[in-house]
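Notebook open, structure about to go up on the screen. I'll jot things down as I look them up.

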Amino acid sequence: MAVEADAAASPELALADADINWDRLDKTRFHVIGAVLFTAQSGLLHPTAVVKTRMQVAASGLSHMRGTSVFAHILKHDGIPGIFRGFGTSAIGALPGRVLVFTSLEVSKNIMLKYTERFNMAEATRLGVANGVAGMLSNLVSCVYYVPLDVVCQRLMVQDLPGTAIRGGPLDIIWKVMRAEGIRGLYRGFWLTALTQSPASALWWGTYGTAQHIFWRSLGYGDNSEKKPAQIEMATVQATAGMVAGACSSVITTPIDTVKTRLQVMDNVGAGRPSVLKIAKNLIKEDGWRGFYRGFAPRFLNMSLYGTTMIVTYELIKRLSVKDR
């Protein structure tokens, strides 16, 4: 009855559980449940990230093979552990990162939703702007933590491939990178990531917020609707909006991701330290402009599936974390 009463007080009765704001969440429950469910989700999608990274980095025939062929190649030569290289480091390392990301995301979105109330704009636009700004700000904050983690995990994924010189376990890689390049070695690609992935994150969350609003309205749920969507309907709409957001983002960001991945893991790219310009020239020389879309299929699959499963998981965590009344 408490939830129903809260929904009744909301101007969007039907969708009170479809867009739960930060103030309604039990923060401890939110982060604990999130740690468990997101680790499981990451494990399911990790093989696609390994395949994508191998395709983007390898100077061998792997870079010109289909994603399914690369997957089969890894299984044949490295077995199951091969397609899960770097997962332990990624899963454990991501736990504090998620707290940082989702706290900054929800707080920023809450502030933006309140701030944009004063403007005369369509609700879909308002939600898109609030979600987009929150996505961009949370990504900027998370880059400080996630870029070093990304560097280590990707080096684990591509060990023994041409162009990679540093090998070992996670701590070995950190030590060797620090010894060779100092702290900046762990932040290879930081500015490229921050300046490109932040707008990409804004695009993802902005598209998601707008798409979900449009889908609900097309299904007949409005400000004065008396009916509430069933749980399965809620999950389906949010999954579809997440898939649309992930697909749009992957098309736009794959070239940048290819350059960033090579920048973070390649060591033999000519004289001096690797740079964005050197990496881009090598890609064009090796494969023309289509080289920037190496690994596009597994990345498209990864981001579409990630967008779908992440947002369904995320929204479920929020529903499970609503404060008891």
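I started with the contacts, where contact means heavy atoms within 4.5 Å. Among contacts between residues at least 6 apart in sequence, 78% join residues at least 24 apart.

Ground rules next. This is a predicted model, where local features need pLDDT of at least 70, side-chain atom pairs count only at pLDDT 80 or more, and totals for chains, interfaces and linings use all residues. Residues are numbered from 1 along each chain as its sequence is written, and side-chain values use heavy atoms, with hydrogens and water left out.

**Confidence**

I looked up pLDDT, the predictor's confidence in each residue, from 0 to 100. The protein's mean is 79, and 84% of its residues reach 70 or more.

**Elements and surface**

I counted ten helices and zero strands. Both kinds are DSSP runs numbered from the N terminus: helices are H or I with at least four residues, strands are E with at least two.

For burial, I used relative accessible area: buried is under 20%, exposed is over 50%, and partly exposed is in between (1.4 Å probe, protein chains only). Of the 325 residues, 51% are buried. The accessible surface comes to about 15,100 Å², and 67% of that belongs to carbon and sulfur atoms. Those areas come from the Shrake-Rupley method with a 1.4 Å probe; for residues, only the protein chains shown count as cover.

**The cavity**

How many cavities of 30 Å³ or more does the structure hold? I found one. A cavity here is a set of points, on a 1 Å grid over the protein atoms alone, where a 1.4 Å probe fits but cannot get out; lining residues have an atom within 4 Å of a point. Grid points are joined across faces, edges and corners, and the volume is the space filled by probe spheres set on the points.

The largest cavity holds about 1,400 Å³ of space. It is lined by 41 residues, and N139, Y146, D150, N302 and Y306 are the closest to its centre. Elements giving two or more residues to the lining include α2 (27-57), α5 (123-157) and α10 (296-320). The most comes from α5, with twelve residues. By class, I noted 19 nonpolar, 16 polar and six charged residues in the lining. Nonpolar covers Ala, Val, Leu, Ile, Met, Phe, Trp, Tyr, Cys and Pro; charged covers Asp, Glu, Lys and Arg; the others, Gly among them, are polar.

**Single residues**

C153 sits in helix α5. Is C153 buried or exposed? It counts as buried because its relative accessibility is 5%. Leaving aside neighbours within four places in sequence, C153 is in contact with G86, T89 and S90. C153 and G88 are 65 residues apart in sequence, yet 9.0 Å apart C-alpha to C-alpha.

I92, in helix α4, is exposed because its relative accessible area is 64%. A35 belongs to helix α2 and, at 26%, is partly exposed.

T207 is in helix α7. Its relative accessibility is 18%, so T207 counts as buried. Not counting residues up to four places away in sequence, T207 touches V244 and A245.

Technical notes:
On a 1 Å grid over the protein atoms alone, a cavity is a set of points where a 1.4 Å probe fits but cannot get out, and a pocket is an open set with protein on both sides within 12 Å along at least five of seven lines; lining residues have an atom within 4 Å of a point.
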